[in-house]
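Subject: Structure handover

Hello,

Here is the structure for your files. Please open it beside this email. My notes follow below it.

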Amino acid sequence: MKKIHKAIVLISAIFLFTSIIFMYGCEHTKVDEGYKLIRIHIRANSNDKADQAVKLKVRDALNAIIEDKLSDAGTFDIAYKRLEKLLPSLKKEAESELRENGFGYGARVKLNNEFFPTRTYEGVVVESGYYDALIVELGDGAGDNWWCVVYPPLCYVSAEGEGKIEYRSLIAELWRKFISTFRS
């Protein structure tokens with residue numbers, strides 16, 4: 001009887017988790033059959049070690065701003081409009097970070113709808129397709145990129161000791177916490 005109860009609870013949890021994912025992260029748009037989410041892509045100038053390192057510094061600076069301004073965005077439209085207003089300050093912050101680290105090239109920041117291949121982030125699969133995205137190109141933008149999803153927030157920034165930044169999936173953490181309560 002206890003095993004049947006646990007199985008029912010687990011099936012209910014899976015159903016709840018799947019519903020949350022579809023409700024917040026996988027709603028199809030009417031325009032392009034993509035998902036109603038906003039990705040972020042920070043494209044390095046090149047694959048040179050220094051260009052890749054500064055890309056991560058720009059990422060940290062921009063994510064701090066984005067997390068602050070989008071943390072309470074309840075809908076896709078609100079998040080998108082806030083990002084539109086933030087474009088000039090995100091560009092300014094990216095270029096400031098580049099200058100502070102001795103780079104002479106600039107940054108371009110835009111919102112665009114682009115095709116992206118299938119990617120997995122912390123076990124969450126984002127299927128290939130056209131997505132709205134905050135695109136940050138550093139210099140030539142020809143190097144490897146860093147990506148995540150800023151709406152709904154599949155990643156967020158948290159301070160970890162001596163200035164280190166850790167990126168995690170909020171949804172995956174909530175799921176692990178929820179499941180762990182039923183594994184006793």
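In which helix is Gln52 found? Gln52 is found in helix H2. Helices here are DSSP runs of H or I with at least four residues, strands are runs of E with at least two, and both are numbered from the N terminus.

First, the ground rules. This is a predicted model, in which local features need pLDDT of at least 70 and side-chain atom pairs count only at pLDDT 80 or more, while totals for chains, interfaces and linings use all residues. Residues are numbered from 1 along each chain as its sequence is written, and side-chain values use heavy atoms, with hydrogens and water left out.

**Overall**

The protein has four helices and eight strands. Along the sequence the pattern reads α-β-α-α-β-β-β-β-β-β-β-α. Of its 184 residues, 43% are buried. Buried means under 20% relative accessible area, exposed means over 50%, and partly exposed is in between, using a 1.4 Å probe and protein chains only. The protein exposes about 10,800 Å², and carbon and sulfur atoms supply 57% of that. Areas come from the Shrake-Rupley method with a 1.4 Å probe; for residues, only the protein chains shown count as cover. Take the contacts between residues at least 6 apart in sequence: 65% of them join residues at least 24 apart. Contact means heavy atoms within 4.5 Å.

**The sheet**

Four strands form an open sheet with mixed pairing, in the order S2-S5-S1-S6. Strands S2 (107-116) and S6 (145-151) are at the edges; each has a single partner strand, so one side of each lacks a neighbour in the sheet. On average, neighbouring strands of this sheet are turned by 25° against each other, direction ignored. Two strands pair if DSSP finds at least two bridges between them.

S5 covers residues 129-138 and runs antiparallel to S2, with ten bridges joining the two. Asn113 stands opposite Asp132 in S5. Leu111 stands opposite Leu134 in S5. S1 and S5 run parallel and are joined by six bridges. On that side, Ile38 stands opposite Asp132. S5 is mostly covered, with nine of its ten residues buried.

**The helices on it**

H2 lies across S1 (38-43), S5 and S6, at about 5° to S6. Helix H3 (residues 76-100) also packs on the sheet, where it touches S1, S2, S5 and S6; its direction makes about 135° with that of S2. The axes of H2 and H3 come within 10 Å and cross at roughly 145°. Axes are lines fitted to C-alpha atoms, for helices over the stretch in contact, and angles run from 0 to 180 degrees between N-to-C directions.

From H2 they include Val54, Val58, Ala61, Leu62 and Ile65. From H3 they include Ala79, Leu83, Leu86, Leu90 and Ala94.

**Single residues**

- Gln52 counts as buried because its relative accessibility is 17%. Its side chain reaches the backbone oxygen of Ser46 at 3.0 Å. Leaving aside neighbours within four places in sequence, Gln52 is in contact with Ala44, Ser46, Asn47, Gly143 and Asp144.
- Arg59 lies in H2 (residues 49-70). Arg59 is buried too, at 11% relative accessibility. A polar contact of 2.9 Å joins its side chain to that of Asp60. A polar contact is a pair of N or O atoms within 3.5 Å; within protein, one must be able to donate a hydrogen and the other to accept it, and residues adjacent in sequence count only if both atoms are side-chain atoms.
- Ser96 is in helix H3. Ser96 is buried, with a relative accessible area of 19%. Ser96 and Ala61 are 35 residues apart in sequence and 9.7 Å apart in space, C-alpha to C-alpha.
- Pro152 sits in the loop between S6 and strand S7 (156-160). A cis peptide bond joins Tyr151 and Pro152, with omega about -10°. Most peptide bonds are trans.

Best wishes
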